[in-house]
Amino acid sequence: MAISTPFTGKAEYRTSMANNSTLKYVLQGLLLLLTLPAHKVVAQQAATLLSSDPTPQRDVTPAPAGAPTLFPHSEKSRYLISGQANIILQGHGPFHSPYEGTNSFLSRGEYKTSLLGTLFLGAQLRKSPKSNTDAIFDVESSGGRGDSEALGLAGFTNLDVVRNPNLGPVPYIARVQLHQTIGLSSKMTDAERTPFALATQVPERRLEFRVGKMSLPDYFDMNNIGTDSHLQFLNWTVDNNGAWDYAADTRGYTYAAVAEYDDKDWSARYGLALMPTVANGIDLDWNLRRASGQNMEFELRKPLLGGLVAPDRKGVVRVLSFVNHAHMGLYRDAVKAYLDGTEKTPAITRHERYGAVKYGFGLNAEQELTENLRIFVRFGWNEGQHESFAYTEVDQTVEFGGDYSGRSWARPNDKLGLTFVSNAIKRDHQNYLRLGGLGFLLGDSNLNYAREDIVEGYYNLHAWRGVYYAVDTQFIAHPGYNKDRGPTLVSALRMHVDF
């Protein structure tokens, strides 16, 4: 999900179209399609979608509650075995670009394929209504590539992509953790069984503790409309708050401890996590005295529009904050060294030091309007003076959108979604890129600044059991915050299987 600093062999990867890998993944998807029962009906439905204009989540989210899966799963077993596979073919045509730099989104047009597969394993070590203990172990493989090797866009277009292609598709441990629930009331409430929590009934008031390897977006900044890149939107800054520089290694995982208190209408959670040793690096710093990521979130589950909607329409608002301590640099120091003639080009990595602090805030809300229509908003801000270090190069973001269920046309597992997101960076960050500096994602060798605005729409088609197909289109104005480049249109086909 990231490019390590420094990144070697970049030119070789950017000139390769990875044709063999692309054909392999496409053929795998076609083979699975052809082996499905009733495949003629599926193909006809997919063809109808592909012939229409679709314009008008790194994420490994499991299937939502009630969604079909390829194989049935017991709700009463102490054990859980499930999985998912996500194949995305994504490309764009040529677009206007008077110049390009080392980290530019390529203007010549290209296409790439990504493949992400996850095996979810879980066991209830202690199965008790008031004191449940889960053990979680997930194995994952991430293959293929993203357009331009996931460079040149703050809001990149495919959340499945690992931003360092050197890592390859070799399977790795994504999650290994213990989850402990401690009941504080005798009243029980139904709970959704997921790969991260196996109990189907929990105390209404409770404490939950998690420790081990995890992805922080599994528990923070969740959103039922804009979180899951496998059944919903694909863009990084749509499925996650782009200004939340959450602690993670290159693949999006870290070691952390999360404590959560849940009550009837609200929850509060706190997480302490390891930071990478370098910006978007694969190695984590285990010395919490010098590097750590602290995350706090308050969640209120109440209708947000009062009497404007029916009282049974659910609403949620979440307020997030984070504080990162890491070996980071100030953009202003790199710019000053360049202007003084000390350095030939601005380089943030030459000005990193321990004790640097980056902090920010986020707001995340969603609301049901009707049985089929839901809307959501996100806002994010961070101080922007220290370098973007772990997620993406966004200092401020605003997003709003929604989705519509296919119930009204007798397809309850289909979904149509549309969203708009606008990302920005602060003045020091702008100057650094304008003078030729490189971030871990951005660097056009120049910058005529403008906000990076993105409109994304998708249609997700349920084909058979746990098999889904989707078309997705993203219109991007000012890629990499550069008014001189773009706009560009990025289109995608997605096949998703929940086992």
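This is a predicted model: local features need pLDDT of at least 70, side-chain atom pairs count only at pLDDT 80 or more; totals for chains, interfaces and linings use all residues.
**View 1. Leu216 and the residues around it.** Leaving aside residues up to four places away in sequence, Leu216 touches Trp244, Tyr246, Ala247, Thr254, Ala256, Ala273 and Asn295, where contact means heavy atoms within 4.5 Å. Residues are numbered from 1 along each chain as its sequence is written, and side-chain values use heavy atoms, with hydrogens and water left out.

**View 2. The largest nonpolar core.** A nonpolar core is a set of buried Ala, Val, Leu, Ile, Met, Phe, Trp, Tyr and Cys residues joined through side-chain atoms within 4.5 Å; buried means under 20% relative accessible area, exposed over 50%, and partly exposed in between, with a 1.4 Å probe and protein chains only. The largest such core has 56 residues, and those that touch the most other members are Phe156, Leu216, Phe220, Trp236, Trp244, Tyr432 and Tyr481. At least two residues of this core come from each of helix H4 (236-239), strand E8 (254-262), strand E11 (315-329), helix H5 (331-339), helix H6 (427-434) and strand E16 (452-464); here helices (H or I, at least four residues) and strands (E, at least two) are DSSP runs, numbered from the N terminus. E11 gives the largest share, 4 residues. A second, separate core of 6 residues includes Leu70, Ala463, Met495 and Val497. In soluble globular proteins, nonpolar side chains tend to be buried together.

View 3. Which residues of H5 are buried? They are Tyr331, Ala334, Val335 and Ala337, and, seen down the axis of H5, these buried residues fall within an arc of 160°, so they line one face of the helix; the arc is that of the directions from the helix axis to the C-beta atoms. Arg332, Lys336 and Leu339 are exposed on the other side of H5. The cover over the buried residues of H5 includes E11 and H6, and H5 is followed by Gly341, which has a positive phi near 85°.

**View 4. Helix H6.** The buried residues of H6 are Asp428, His429, Gln430, Tyr432 and Leu433, and what covers them includes H5. Just after H6, Gly436 takes a positive phi of about 105°.

**View 5. Aromatic rings.** Rings of Phe, Tyr and Trp (its six-membered ring) pair if their centres lie within 6.5 Å, and planes under 30 degrees apart count as stacked, over 60 as edge-to-face and the rest as tilted. By this rule there are 20 aromatic pairs. The rings of Tyr404 and Trp409 have centres 6.0 Å apart and planes at 20°, so this pair is stacked; Tyr404 is partly exposed at 29% relative accessibility, and Trp409 is partly exposed with a relative accessible area of 36%. Elsewhere, ring pairs link Phe156, Phe220, Trp236, Trp244, Tyr246 and Tyr391 into a cluster.

**View 6. Gln84 in strand E1.** Gln84 has its place in strand E1 (residues 79-92), and counts as buried at 2% relative accessibility. Although Gln84 and Thr118 are 34 residues apart in sequence, they are 5.4 Å apart in space, C-alpha to C-alpha.
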